[in-house]
Amino acid sequence: MSAQQDLQDLIRLMTVGMKVPMKDALPRIKSLQTKDLRSIQQIAECSLSEVQSAISDAKTARSLQNACKARMKNPTAPAKRLGSDLAADAKRSKLSSDGGHLGGADPVEPGQYEASFELPVETDEQVIAGTTLLTNRAPLVLAFAVELLRFTMPEQPPSSRLSLAQAVVSANSRSKAVSIGLEKGLSADDERWGHGQPRVRVMGREVTVLKRGGYQWKGDEEIGQAGSFSSTIKAESIPAVGMSSNGQDHGSGSNMADNAATSWSTSSPVSLKQSTFIVRATSLTEPSKRQSAMQSLFAAIPSLQSATHNAWAYRVKVPTKLFNATTIREEAFDDGESGCGSFLLKNMQEMNAVDTLVVMTRWYGGIMLGPDRWRIMRNCLRDALSERLRITGDQATLGGEAVWGLDLEAMKNKASPAGSGSSRSYEAGVVGMPIHRPEAAKSYIFKSFAVRVDTQVKGNESESVSGGGEQSSPPISTATKATPKRKTAKALDLEKEENLARLLGAIRILYESWAGHLSAADLDRRAWNWYVAVRPEVEGGPSGWGAKGQLLLSDILALKRKDD
């Protein structure tokens, strides 16, 4: 079992099984890890004194070990699942004022904190396609937004994605309530609450954010030091092989002073699941010099020729014959890494990288990475280009710093004597600004897809029976079916997690199919239209507020990009 899975199982046992608040559980887990007690099995099999050496309170240590032993005796027993007690955890969980870590004398490491926000995903399309859920629209917006951010803002940690996605839901719900007459007046955003804070765009909506100053997070990948892999060094100076500065071929006896020197900026190598990525960037003023520049690179670093893929892209400003005007010529090549060339090109367009050639090298480790590969490629590309581009404004804001989604309505209510901000799902951030809490967002998304509609086709008749013993709509046919046995609380929790996993899997498959062919901005623009195309049908006006309808996951899969 992986270390990440061990950590998640231990978090689940303590916070869900033992009802320990998250802010208390994570420091205890950190203390256990310092004593090399990293899994339920290790805690169950060690002596009580070893557990007490990590957790000073004897009663607490004994309770934890007994819980671990009970789990080892019956490991297949369905414990209460990830979303079952998150509402209570959201109220108890606190953040420190300066870093986004959970509070306490010993702040929790970001990796442990972010592991508690991992969401389940099912990628079996056959299982997904046969699933119909009963839900309302708001949590579906949350699901679309949180998965979208994996692709458009991959540098954001899971807690930030949940916070930003919840901000989108809040803004959308507020505008909808006004449009149908349930609320009146200007929104907090229209009244310029949060003015002066950075803003990001998610599903076409501008979201005001708060920087999590100093909060450092990365995924499971390992980032090496420049120069530590395959002769990689920063700002490599590589002489062009047999080429002069004007691109003409000189013989081996030509004056070396005439040879061009190609300076390459190189990202740090990033490894995940035995795959390693490196991006190199250099200046390119003429498209015809692209091949010679790459030949020089491969000659200087022979190990690149053993790589699985060497995808490239360039953008060069070239003159036209019309009034001394110029245009940009661009070209890309995948080299077997499907969608990589166009992905590099679209990111270069977003960063306004001109007269630049980039080469993305990957040594494939045999394990598919899914959307994580796009995040790694983008981070490596930004790393390689950071020395060559002066990135300012919004691009600098989104260059990797973690952010919270600000709750502007809570900020407005908090300032109003009649406001009821204390009931909202926020907590004061770095400078006292209310933020959308990721714990509340996770709790909301888990409980919102509790009912699965099992549709059975028998001849020309179809029957619709909802999960959990709750009927979602009148049967389509007159056929009768025995009332299903009432499910236990544990079975319902398991079904909630399965439902959410299938929904997020369908959305991720959709985004994955387009991610290599659209820029992050284009993907963001399309996301809202995809949501509108599949959202449940409900009545218009106030009567449809919060109403539920059927969501066919096969409709989401039908939006996938068709293979050429």
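Modeller: The chain has 19 helices and 17 strands, where helices are DSSP runs of H or I with at least four residues, strands are runs of E with at least two, and both are numbered from the N terminus. This is a predicted model, in which local features need a pLDDT of at least 70, side-chain atom pairs count only at pLDDT 80 or more, and totals for chains, interfaces and linings use all residues. Residues are numbered from 1 along each chain as its sequence is written, and side-chain values use heavy atoms, with hydrogens and water left out.

Biologist: Why are helices H9 and H17 called oblique to each other?

Modeller: Helix H9 (residues 137-152) packs against helix H17 (residues 489-515) at an angle of about 40°, with the axes 10 Å apart. The axes are lines fitted to C-alpha atoms, for helices over the stretch in contact, and the angle between N-to-C directions can run from 0 to 180 degrees. Angles under 35 degrees count as roughly parallel, 65 to 115 as roughly perpendicular, over 145 as roughly antiparallel, and the rest as oblique. H9 and H17 are therefore oblique to each other. H9 passes H17 in a right-handed crossing, the term for a near helix turned clockwise from the far one by less than a right angle, anticlockwise being left-handed. Among the residues that make this contact are Leu140, Phe144 and Phe151 of H9 and Leu503, Ile507 and Tyr511 of H17.

Biologist: How many nonpolar, polar and charged residues does that contact of H9 with H17 have?

Modeller: The contact of H9 with H17 has 12 nonpolar, no polar and four charged residues. Here Ala, Val, Leu, Ile, Met, Phe, Trp, Tyr, Cys and Pro count as nonpolar, Asp, Glu, Lys and Arg as charged, and the others, Gly among them, as polar.

Biologist: Why are H9 and H10 described as oblique to each other?

Modeller: The axes of H9 and helix H10 (residues 158-179) come within 8 Å and cross at roughly 140°. H9 and H10 are therefore oblique to each other, and their crossing is right-handed. Residues including Val141, Leu142 and Leu149 in H9 meet residues including Leu162, Ala165 and Val169 in H10. The contact of H9 with H10 has 11 nonpolar, three polar and two charged residues.

Biologist: What makes helix H16 largely enclosed by the rest of the structure?

Modeller: Eight of the 10 residues of helix H16 (residues 438-447) are buried, so H16 is largely enclosed. Buried means under 20% relative accessible area, exposed means over 50%, and partly exposed lies in between, with a 1.4 Å probe and protein chains only. Pro438, Ile445 and Phe446 are among the buried residues of H16. Of the 564 residues of the chain, 49% count as buried.

Biologist: How do you know whether Leu297 is buried or exposed?

Modeller: Leu297, found in helix H11 (residues 290-300), has a relative accessible area of 0% and is therefore buried. The C-alpha atoms of Leu297 and Trp264 are separated by 8.6 Å, although these residues are 33 residues apart along the chain.

Biologist: Why does Gln274 count as exposed?

Modeller: Gln274 has 64% relative accessibility, and therefore it counts as exposed. Gln274 lies in the loop between strand E7 (270-272) and strand E8 (275-283), and its phi is near 75°, a positive value in a residue other than glycine. Most residues other than glycine have a negative phi.

Biologist: What is the phi of Asn352, and where is its place?

Modeller: The phi of Asn352 is near 55°, again a positive value in a residue other than glycine. Asn352 is in the loop between helix H12 (340-350) and strand E11 (356-363), and its relative accessible area of 54% makes it exposed.

Terms used. Contact = heavy atoms within 4.5 Å.
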